[in-house]
Amino acid sequence: MNKETLIRYLIDSGSLKTPEIIKAFKKIPRENFVPEHLKSYAYIDEPLPILAGQTISQPTTIAIMTEALKPKKGNRILEIGAGSGYQSAILSEIVGKDGIIITIERIKEIYEYAKQKLKNYKNVKVVCGDGSCGYGKFAPYDRIIVTASAPQVPKPLKEQLNIDGRLVIPVGAYTQKMMLLIKTKNGFKEFDLGCFVFVKLIGKYGWRE
Ligand code: SAM
């Protein structure tokens, strides 16, 4: 598959819908975020290995999570699990110069990889640390996206979300339920987006190492 065929497939399968998100998928070169020797696989609809047993997520999964997140121009977004940096690059394009993406990665080697890949994305800040605790320094956030699976929704992430903010997170041990939480004045509305498979969120509010 080439880029155009993949995007056409994501639209036809209903995973990609919103014009701004489609535009970001068209603009961001996924081949720049996968390891050099896997560049020719960049536009197949599969997750690919990056470093230290971790992955760049499948394009369908990234499309579904981004659509559920409903990112807008000017949003302040927290991503947990920087991985290859590709999801951040997509969000960076959508929020524009008045928005900001903070992306956290716990594995040093992957943090360095994401930092290098995202060096020209001026509205993205890459942080090394345990994202299961969120990132209080830039809170509250309009959107939070977690790209590794948690045993339950980490309490700090709920606290660091703005009212009307959206949090997308896979929860569960073997296959995971993708959850969308919308924060209201009276609590959270929860939606189940279906089953997915992710690497684990390791940390204080995640799984033990
Ligand atoms: N969003 C990434 C992309 O666009 O390529 C995919 C991320 S990969 C599926 C999940 C990442 O979450 C891994 O790199 C893993 O090291 C990281 N991770 C796991 N637990 C974490 C934690 N507590 N804090 C930050 N990153 C974590």
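**Close-up views of the ligand site and backbone**

Figure 1. A polar side-chain atom of E105 lies 2.6 Å from an oxygen atom of the ligand. This is a polar contact (a pair of N or O atoms within 3.5 Å). The model is predicted: local features need pLDDT of at least 70, side-chain atom pairs count only at pLDDT 80 or more, and totals for chains, interfaces and linings use all residues. Numbering runs from 1 along each chain as its sequence is written, and side-chain values use heavy atoms, without hydrogens and water.

**Figure 2. R106 and T147 face ligand nitrogen.** R106 contributes a polar backbone atom, 3.3 Å from a nitrogen atom of the ligand. T147 uses its side chain: a polar atom there is 3.3 Å from a nitrogen atom of the ligand. On its own, the ligand has 600 Å² of accessible area (Shrake-Rupley, 1.4 Å probe). The protein covers 99% of that area.

**Figure 3. The shell around the ligand.** The ligand is surrounded by 27 residues (a heavy atom within 4 Å). E79, S84, E105, G131 and I202 are the closest. By class, the shell holds 11 nonpolar, 11 polar and 5 charged residues. Here Ala, Val, Leu, Ile, Met, Phe, Trp, Tyr, Cys and Pro are nonpolar, Asp, Glu, Lys and Arg charged, and the others, Gly among them, polar. At least two shell residues come from each of β2 (55–56), β3 (76–80), α4 (86–95) and β4 (100–105).

**Figure 4. The cis peptide at P140.** A139 and P140 are joined by a cis peptide bond. Its omega is about 5°. P140 sits in the loop that links β5 (124–128) to β6 (141–146).

**Figure 5. Positive phi at A52.** A52 is not a glycine, yet its phi is positive, about 50°. The residue lies in the loop between β1 (48–49) and β2.

**Figure 6. The chain behind the close-ups.** The chain has 6 helices and 9 strands, taken as DSSP runs (helices H or I, at least four residues; strands E, at least two) numbered from the N terminus. Its C-alpha atoms fill a box of roughly 45 × 35 × 35 Å along the principal axes.

Definitions and conventions:
Polar contact = N/O pair within 3.5 Å; in protein donor to acceptor, adjacent residues only side chain to side chain.
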